[in-house]
Amino acid sequence: MRVDLFIPCFVDQLAPRVGLATAKVLRGLGHEVAFREAQTCCGQPSFNSGHWDVAREAALRALDVFRGAEAVVGPSASCVAMMRKFYPEVLAGHPRAAEAADLAGRTFELGEFIVRRLGVTDVGARWEGKATYHDGCHGLRELGLRREARALLGAVRGLTLIEAEEQETCCGFGGLFSVKYPMISTAMAQVKSDALVRTGADIVVSSDPSCLLQIGGYLGRQGKAVRTLHLAEVLASR
Amino acid sequence: MSPAPRDRFLEDAAAATADDPQRGFLRGALGGYYASRDVQKARYRDWEKARDAAALAKWTAVNRLDRNLARFEEAFVRNGGVVHWARDAAEARAIILGICREAGARSVIKSKCMTTEEIHLNDALEAEGFGVVESDLGEFIQQLRKEPPFHFVFPCMHLRRDAISELFGKHLGTPPTDSPEELTMIARRHLRDLYLRADIGISGANFLVAETGQVSITENEGNARLTCALPRVHIALAGIEKVIERLDDLAVLLPMLATAGAGQPMTCYNTLYAGPRRAGEADGPEAFHVVLLDNRRTALLADPEQRDALHCIRCGACLNVCPIFKNIGGFAYGTTYQGPIGSVITPHLRGLRNWNHLSGASSLCGACTEACPVRIDLHHHLLRNRRNAVRAHGGWADRLFHRAFGWVIARPRLFSLGGRLFRAALPVLRRLPLPYLRPWLRTRTLPEAAEPSFRQQAKEVLR
Amino acid sequence: MSAARETILGRIAEALRLAAPRPHLSSDVPAGTPAKVGKAWLPEGGDDEEGRLALLEANLGKLRASLVRVPDAPAAAAALARLAAERGWKRLALHRGELTETVARGLPCETWCVDDGFDKDRLEACDAGLTACESLVAQTGSLLVSSASNGGRALSILPHVHVVVARRQQVLPDLEAALADARARHGGALPSMLGFITGPSRTGDIERILVLGAHGPKELHVILIG
Ligand code: SF4
C-alpha cells in the first residue's frame, strides 16, 4: 500500500526523528511511504483558540494536499483527530464537506493504522528496558484508541510495559492552553509526570508528540532521568 | 469594584495550583469515588448504551420543553400544588419571599438546592428577617463558614475534618473530635430540632415529571425527606430544564445519576412529591409550591448547537474527573456551577464576554464528556464557546496573530523558512521574555533543535 | 405572575424553532421509551424469583441494610421483638395496616400508630419506625414506600431505625417494574409522596468518608415473609 505521511508541524521542525521513525516502521512493514511537501500545519492552534475561519482555510488546504491519498498516516493522535473529527465540523455546510468526511475516513494515527488497518502487532522491534505508556487524550477520547499502542509495545522484544497510576489523566498540554494558563497546565504536568516517574520506568512512551513535549519539558526542568520517546521511535528500534 | 472575573480566576487558580497539599487532598478524597463508580458501572449490562437511553430521555424532554412544562403544570395543579413562573432571579426571590410572608413563617429549613444558590435566596430571606438553615451536612458546614459550595454535589469536599471540628466548636460549642462519624452526629443532633420547628421547607428538584406532575428529589442524607415532610409549607425551586416526560424515565435516570455522580447503585433517597398532604395521609405539608425558573436558560435553549447542556442532571461526574477542577478546586471558577458544565453554561447564563476565560481554561482532554451520563458534548462546547467569543468580541491582536499564522501555514516555503529561523533563534529565544515562550519555559524546557527539519531530510530518506 | 408564564413559554417556543441535532449515541437505539429500551442495559433484576431474592439480599447487604427472612407473620413478629429487645427500644411507631399491626402485636415496648393523630415530637421520641412498603427492587436493593400506604412521610425517615415488613411476592425485578406496580395500585391518584429508599441514610460530606445515619435512619431492617 502507498502510505502518505502526515507529519505534524512541530515534529517536522523540532522532532524530525519521530517522522523518520514513522517512515522506517511503515517501510519495514513493506509499504511505500511518501511525504507531500505542500503540507504544513493542520490548523489546530487556531481552531482551539476559536479562530475557526483560519482552521477552515487549513482544512481546505489539507483536502487539496491529500487528494487521492489511499491512506494518510500521522504519528500524532491529536493532529489526526483534528483531521478526522474537526475538519468535518469546521466544514459543516461547506460545499466540500463531503470531501472532509472522505479524508476523515482515510486518515489514521500510526498505531491505529498498524493494528486496526494492517492487523499487525509485532513490527519486529527490540528495545531493552522498562517503559510506561501515556495515553494522549485525543487518541483516547476523540479516536477511541486504548489497546493499539499497548498491543504494539507488548510485542516489542525486551520491553516491559508498566502501567502508571493516573493512566487516563491529561498531561496538561492542550496547545496554547499550556502558555495561556501555565499554572494549571504545569500542575497537571506535575500530577501526570509524578505518576509516570513512580512506575520506575526508563522511558515514557506516547503516541502524541505534543504530550511528550509537555511531559518531557516538565521532567527536564525537574532534572528527572526518565526519557520520553514517541511510539514510532520504539517501534523503529532494532 | 470587584476585579473582573477573568483576573480573579487567574489569581485564584494560581493560588490553588500552588497549594500542593490541598491538591493532593482533593485527589485522595476522589480516590474512593473512582473505585466505587467502577464497581457500580460494571454492574450495568451495557453502560454506554444506558447512557444513550438517558441522553434520549433528556433530549426528548428538552426539545419539547414548552409542551412538557405545560403538561407538568397542569398535572401538578391537579395534584393540589401551586405553580409559579419566574423569568429571572429577582422574580424567583420575590415569589418565594411572598409565600413565606403569606404563610406567616419565621423559620425556613432548606435541603440542598443549587438553584437557590444561583438566585442568592438565603441572603434575600435573611434580609427579610427569616431564619434560614441549610440541612444538608455539606451545605450546613458551608453556611457556617459563609462560603459557597466548593463542588455542587460535594459542597465541602475541600475541608479536612479538623477544620470542621473547629468550625463546630466555634459555632455550636462542641468539643473537638477527629471522627467524621462524630462530626456528622453533631450536625444531626443540632438540626433535628430545627426540622421540627421550621415553618417552611425549601428544596430543589432533580426532575419534574410532566406526565404525573411529580417533583423528584434525590439525596443521601434524608434531610430533604425531612424538609418535605415536617414544615407546613413546601417550596421547590426548579430550573425549567428539569422536566422529563414520563415517570418511568426515572428507571433509567435515577440509577445513572447515582452511579455517575457518586458511585452508588442508587442515591439513598429518591422521592417523588405530588402535591401537599392528601386526605387520609398521616402527615405532610398543607401547601406545595413549585417555582419554575428561567434565568437565561431559554438563551441556552435558543442555541441548538449547545442545547444539550440543558440535559444536565447535575450529577457532578464531570467535576470529579476533570483535571482542571482537581487542580484549581471549585472556588476559582467563581460560578454557581463549577467544573466543565459550569464552564460551558456560565457564558450563556452570565455573558460570554466576562466568562469565556473558563472555556479557555481547559486542555480539552474530554474526560468530562466521557463521564457524562446524559452524553453532553461538554469539551466540544468549550471549543464552540471559544469560537463564539472570537466572533462576538475577539481582540485585534489575537485575530492578527492567527491570521498571520494562517497566512504562513498556507505557504509551505514560507513555513519552512520560518521554521528554520525559529530553530536558529531557539537558543536565544529561551532567554527572551516573549509572550508565549516565557510561561512555558518557567516550568518546562524546550527540546534542542539542532538537526535539519523532517521535510529537509524527507527527500533524501524517502527516495 | 401569568405574564412571566407567557414570556417564558414564548421564549421557549421561539428557541425551539431551530431543531437541535440528536445526541451522539454509541449505537442505534431501538424505538421505544428510554425505560423500555434501557431495561436491557441497566443492572440486572434477576431472571426468576430465586434470582431476584438472591440479588435483593446481596444488594441490601452491600448497602449495610439487614434482611431477615421468615416463614410467616408470627415469625416476623418474633424477629421484630428480637430487634426491639436487643436494642432496648422503648417506643415504636407504626402505621395502620394488616401486616404492620400483626407484626407489632405483643412487642415488649410501647407502640403508637401515626394515623391516630400525627405528632412530630412524639414520633421523634420513638426509637424505631415500622412500615410496610409498596415493593422491593432486586436490581438496586431499594424499597418503595408511599405516603398513602406506608404511614405518611415522616414515619420512615424521622426515627433512628426503620424496619420494613414485606411479603416475598412484593419483590420486583427492577425500578421500572416498581414504578409500574405503584401506578397500577394507585391508579390516577398517586400518593403525595412516593419514595425509593436505598439503604440507611448516609453521607460522605466529610472527606468523602462514608457515615451512616446522617439525618435519616442509621439502621434499615427488612423483614421478608415467605
Ligand atoms: S454535565 Fe453531565 S457529568 Fe456534568 S454534572 Fe451534568 S450530567 Fe453530570
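Reader: Which strand of chain C is joined to strand β9 of chain B, and how do the two run?

Author: In this predicted model, strand β9 of chain B covers residues 269-273, and five bridges join it to a strand of chain C. Within this pairing, B:Thr271 stands opposite C:Gly195. The partner is strand β9 (residues 193-197) of chain C, and the two run antiparallel.

Reader: Which helix of chain B gives the most to the side that touches chain C?

Author: The contact takes 104 residues from chain B and 86 residues from chain C, and the two chains bury about 8300 Å² between them, 62% of it on carbon and sulfur atoms. The side of chain B that touches chain C divides into 56 nonpolar, 16 polar and 32 charged residues. With twelve residues, the element that gives the most to this side is helix α10 (residues 180-197) of chain B.

Reader: Turning to the other neighbour, which residue of chain B meets A:Glu89 in a salt bridge?

Author: Between chain B and chain A the count is six salt bridges, alongside 30 residue pairs in polar contact, both residues being at pLDDT 80 or more. In the salt bridge of A:Glu89, the N to O distance is 2.9 Å, and the partner is B:Arg384.

Reader: How many residues does helix α19 of chain B give to the side that touches chain A?

Author: Here 69 residues of chain B are in contact with 68 residues of chain A, and the two chains bury about 5800 Å² between them. By class, the side of chain B that touches chain A has 31 nonpolar, 16 polar and 22 charged residues. Helix α19 (residues 378-393) gives the most to this side, and its share is eight residues.

Reader: Within chain B, which residue stands opposite B:Val82?

Author: Strand β1 (residues 82-86) of chain B is mostly covered, with four of its five residues buried. Five bridges join β1 to strand β10 (residues 287-293) of chain B, and the two run parallel. In β10, the residue opposite B:Val82 is B:His289.

Terms used. Residues are numbered from 1 along each chain as its sequence is written. Chains are lettered from A and ligands numbered from 1 in the order in which they are written. This is a predicted model: local features need pLDDT of at least 70, side-chain atom pairs count only at pLDDT 80 or more; totals for chains, interfaces and linings use all residues. Side-chain values use heavy atoms; hydrogens and water are left out. Contact means heavy atoms within 4.5 Å. Buried area is the accessible area (1.4 Å probe) that two parts lose on being put together, summed over both. Ala, Val, Leu, Ile, Met, Phe, Trp, Tyr, Cys and Pro count as nonpolar, Asp, Glu, Lys and Arg as charged, and the others, Gly among them, as polar. Two strands pair if DSSP finds at least two bridges between them. Buried means under 20% relative accessible area, exposed over 50%, partly exposed in between (1.4 Å probe, protein chains only). A salt bridge is a side-chain nitrogen of Lys or Arg within 4 Å of a carboxyl oxygen of Asp or Glu. A polar contact is a pair of N or O atoms within 3.5 Å; within protein, one must be able to donate a hydrogen and the other to accept it, and residues adjacent in sequence count only if both atoms are side-chain atoms.
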